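Welcome! Here is a short briefing to read alongside the sequence and the 3D view. Take a look at the structure, then follow the topics below.

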Amino acid sequence: NAASTLRITGITAASNAVTLTWIGGSNAWQVLESSESLSAWTGIYTNAPPTPLTNVVAPPGVAGNGYYRIRAWR
């Protein structure tokens, strides 16, 4: 589907915490992952179906430094 998209739309860091916002498909498994070096990724949040189109999460223990990605599958 050409209108389908998966992307991080916002990252807000404040007081040793980070809030991430992303757009993903509904009814898809979504895993938020983080990495300090881009070589080893760790899952920090799993969003199981049914999932909303827009998602917001502030995972505990995430300080905001590093890289983030979303993986999704049906």
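In strand 2, the bridge partner of Gly-10 is Thr-21, and strand 1 and strand 2 pair in the antiparallel sense over seven bridges; two strands pair if DSSP finds at least two bridges between them. This is a predicted model, in which local features need pLDDT of at least 70 and side-chain atom pairs count only at pLDDT 80 or more, while totals for chains, interfaces and linings use all residues. Residues are numbered from 1 along each chain as its sequence is written, and side-chain values use heavy atoms, with hydrogens and water left out.

**Overall layout**

- The chain has zero helices and six strands; helices (H or I, at least four residues) and strands (E, at least two) are DSSP runs, numbered from the N terminus.
- Read from the N terminus on, the elements run β-β-β-β-β-β.
- The radius of gyration of the chain is 12 Å, close to the 11 Å that the globule rule gives for 74 residues, so the chain is as compact as a globular protein of that length. This radius is taken over C-alpha atoms, and the globule rule is 2.2 Å times the number of residues to the power 0.38.
- Along the principal axes, the C-alpha atoms fill a box of roughly 35 × 25 × 20 Å.
- Of the 74 residues in the chain, 28% are buried; buried means under 20% relative accessible area, exposed over 50%, and partly exposed in between (1.4 Å probe, protein chains only).
- The chain exposes about 4,700 Å², and carbon and sulfur atoms supply 51% of that area. Accessible areas come from the Shrake-Rupley method with a 1.4 Å probe, and for residues only the protein chains shown count as cover.
- Among the contacts in the chain with a separation of 6 or more, 56% are between residues 24 or more positions apart; contact means heavy atoms within 4.5 Å.

**Strand pairing**

- In the hairpin of strand 1 and strand 2, two residues lie between the strands, and Ser-15 takes a positive phi near 40°.
- Strand 2 also pairs with strand 5, in the antiparallel sense over four bridges.
- Two bridge partners in strand 5 can be picked out: Asn-55 for Trp-22, and Thr-54 for Ile-23.

**The nonpolar core**

- In soluble globular proteins, nonpolar side chains tend to be buried together.
- Here the largest nonpolar core has eight residues: Val-18, Leu-20, Trp-22, Leu-32, Val-57, Val-62, Tyr-68 and Ile-70. Such a core is a set of buried Ala, Val, Leu, Ile, Met, Phe, Trp, Tyr and Cys residues joined through side-chain atoms within 4.5 Å.
- Strand 2 (17-23) and strand 6 (67-73) each supply at least two residues of this core, and strand 2 gives the most, with three residues.
- Leaving aside neighbours within four places in sequence, the contacts of Tyr-68 include Ile-8, Val-18, Leu-20, Leu-32, Glu-33, Trp-41 and Val-62.
- Ile-8 is found in strand 1 (residues 7-14) and counts as partly exposed at 29% relative accessibility. Not counting residues up to four places away in sequence, Ile-8 touches Leu-20, Thr-21, Trp-22, Tyr-68, Arg-69 and Ile-70.

**Salt bridges**

- The count comes to two salt bridges, each defined as a side-chain nitrogen of Lys or Arg within 4 Å of a carboxyl oxygen of Asp or Glu.
- One joins the side chains of Arg-69 and Glu-33 (2.5 Å, N to O). Arg-69 lies in strand 6 and Glu-33 in strand 3 (residues 29-35), so the pair ties together parts that are 36 residues apart in sequence.
- Arg-71 also forms a salt bridge with Glu-33, with the closest N and O atoms 2.8 Å apart. Arg-71 lies in strand 6 and Glu-33 in strand 3, so this pair ties together parts that are 38 residues apart in sequence.
- Through shared partners, Glu-33, Arg-69 and Arg-71 are joined into one network.
- Glu-33 is buried, with a relative accessible area of 7%, whereas Arg-69 is partly exposed at 32% and Arg-71 is partly exposed at 36%.

**Distances along and across the chain**

- Ser-37 is found in the loop between strand 3 and strand 4 (42-47) and is partly exposed, with a relative accessible area of 46%.
- Ser-37 and Tyr-67 are 30 residues apart in sequence and 7.7 Å apart in space, C-alpha to C-alpha.
- Ile-8 and Thr-42 are 34 residues apart in sequence and 17 Å apart in space, C-alpha to C-alpha.
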